[in-house]
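The report that follows is meant for a reader who is meeting this structure for the first time. Please look over the sequence and the model before reading on.

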Amino acid sequence: MSRPPEAGRASTGQKIEQAIEKAFDPLTAALKRAAAPPPKAAPGKPGLEISPLAVPFPAIPPIGGVEIATARAGFYKHERDDLVVFSFARGTTCAGVFTRHKIGSAPVDWCKRHLDAPDGGQDVRALVVNAGCANAFTGKAGADAARRTASEVAKRFGCRQRDVMLASTGVIGVVLDDRKIVARMSEIEAGLDPDGWARAGQAIMTTDTFPKGSYAECEIEGRKVRIAGIAKGSGMIAPDMATMLGFIVTDAAISPAVLRALLGLHVRTTFNSVTVDGDTSTNDTCLLFATGTSGAPRIGRVGDRRLKEFSAALDKVMLDLAHQLVRDGEGATKFVKVTVDGAASPASARKLAKSIADSPLVKTALAGEDANWGRVVMAVGKTEEPVDRDSLAIRFGPHVAAVDGAPAPNYDEAKMSAYMKNAEIDITVDVGWGRASATVWTCDLTKRYVEINGDYRS
């Protein structure tokens, strides 16, 4: 009588079956790929596929006091809209936050100069955005092109040049050909529409694979107030005071000073808490407009308690847009939340979280679905921030990798590896030093990132 195989050991027949299955694995995979529908092409740059982490553009109702139009100015060779103009009602207020990059673009300089003026942001009437040309590192010629653009739009909208905001995105080192914008202004004026949010979100894209929008409602003294926003960004994302481009409009009545305070409050934990590749753009701009058409009372004081619900709704819109930037990270397949606890201070926690989120070794391990939590240890220890090695703890989702500065006694490699296959991953690290915490969102780093950026100009 033959002896049964030992537990956990395959019999000869089972080994043969496994070998046959393994041999046919490539064929089975190929047949599955052939039967699968082709990936959807992105509406921005040709050759890009829509991110697997993409979210649908939301339904955004008209916001009182704003109309939007898009057109093809020709900054891109291929057929697509690359020009957006927002027209605002009289009395619209505005505030902005911008890149701290030492080589800021001409549009950034223009907006900062006019919004920082003593009466800046009191009556902004238009916003002009172009994709395909950053108009950055272009010297006097770029500044002149920005001024001419504002002048032309001001003439058509019956306002001052300073009441026109500008933003650009695209290739650095190319002077904006403002004649292309002027040539489309008649078409823009005829096409102004309160329902233009989705088209605007698509027209400001560069290597983005899906348009990014968000919407929220709240009340101020019983009056419904609407907040809507769009953003663009996919690569060169490590914002410093803003995102690559973000535009938010509300029908609330709020003074420029209060808008500035609200942006400053929320940008740190939203746009400034995401990173794709650790690089900051020359053109980072986030503008917040308030048309005052909702009928809600005007808010002119930062400490006004009536702002509480509005502030929460604004934070929700900004965080949603920030998350979408990460979801559209060039080549991204993983949406990753990194939380650091037990830090000496909020600033220290933030630096530690950024070190993990920006680490190429951590990000490539995520891309390969490799449960290499030792790379997280590396990213924490390489900083100059205080940590207690013998108290360090690391968790991926619900799975504990390390406790008290050593591998967890119940660490389960199989469960950890299975968790790494998820599209959304949470990494939590306790550095055992204090009580402060911070959260940063990032994505993985794949071969596709190199491919996209290897031919960005072409």
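## Helices H7 and H8

In which hand, left or right, does H7 pass H8 in their crossing? H7 passes H8 in a right-handed crossing, a crossing being right-handed if the near helix is turned clockwise from the far one by less than a right angle, and left-handed if anticlockwise. Helix H7 covers residues 256-267 and helix H8 covers residues 308-327, and the two pack with their axes 10 Å apart at an angle of about 50 degrees. H7 is therefore oblique to H8, where angles under 35 degrees count as roughly parallel, over 145 as roughly antiparallel, 65 to 115 as roughly perpendicular and the rest as oblique. The axes are lines fitted to C-alpha atoms, for helices over the stretch in contact, with angles from 0 to 180 degrees between N-to-C directions.

On the H7 side the contact (heavy atoms within 4.5 Å) is made by Leu-262, Leu-263, Leu-265, His-266 and Val-267, and on the H8 side by Phe-310, Ser-311, Leu-314, Asp-315 and Met-318. These residues divide into 7 nonpolar, 2 polar and 1 charged, with Ala, Val, Leu, Ile, Met, Phe, Trp, Tyr, Cys and Pro counted as nonpolar, Asp, Glu, Lys and Arg as charged, and the others, Gly among them, as polar.

## The model and the chain

This is a predicted model, in which local features need pLDDT of at least 70 and side-chain atom pairs count only at pLDDT 80 or more, while totals for chains, interfaces and linings use all residues. Residues are numbered from 1 along each chain as its sequence is written, and side-chain values use heavy atoms, with hydrogens and water left out.

The secondary structure of the chain comes to 13 helices and 15 strands, which are DSSP runs numbered from the N terminus (helices H or I, at least four residues; strands E, at least two). Of the 458 residues, 51% count as buried, where buried means under 20% relative accessible area, exposed over 50%, and partly exposed in between (1.4 Å probe, protein chains only). Among the contacts in the chain with a separation of 6 or more, 80% are accounted for by residues 24 or more positions apart.

## Helices H10 and H11

Helix H10 (residues 360-367) and helix H11 (residues 374-381) have axes that come within 9 Å and cross at roughly 160 degrees. H10 and H11 are therefore roughly antiparallel to each other, and their crossing is left-handed. H10 contributes Leu-361, Val-362, Thr-364 and Ala-365 to the contact, while H11 contributes Arg-375, Val-376, Met-378 and Ala-379; by class, these residues divide into 6 nonpolar, 1 polar and 1 charged.

## Val-340 in strand S10

Val-340 has its place in strand S10, which covers residues 335-343, and is buried, with a relative accessible area of 0%. Leaving aside residues up to four places away in sequence, Val-340 touches Ala-349, Leu-352, Ala-353, Ile-356, Val-429, Val-431, Ala-436, Ser-437 and Ala-438. The C-alpha atom of Val-340 is separated by 5.8 Å from that of Asp-430, although the two residues are 90 residues apart along the chain.

## Two loop residues with positive phi

Most residues other than glycine have a negative phi. Glu-221, however, has a positive phi, near 50 degrees; its place is in the loop between strand S6 (212-220) and strand S7 (223-232), and at 56% relative accessibility Glu-221 counts as exposed.

Asp-404 likewise has a positive phi near 50 degrees. Asp-404 lies in the loop between strand S12 (399-403) and strand S13 (406-407), and counts as exposed at 59% relative accessibility.
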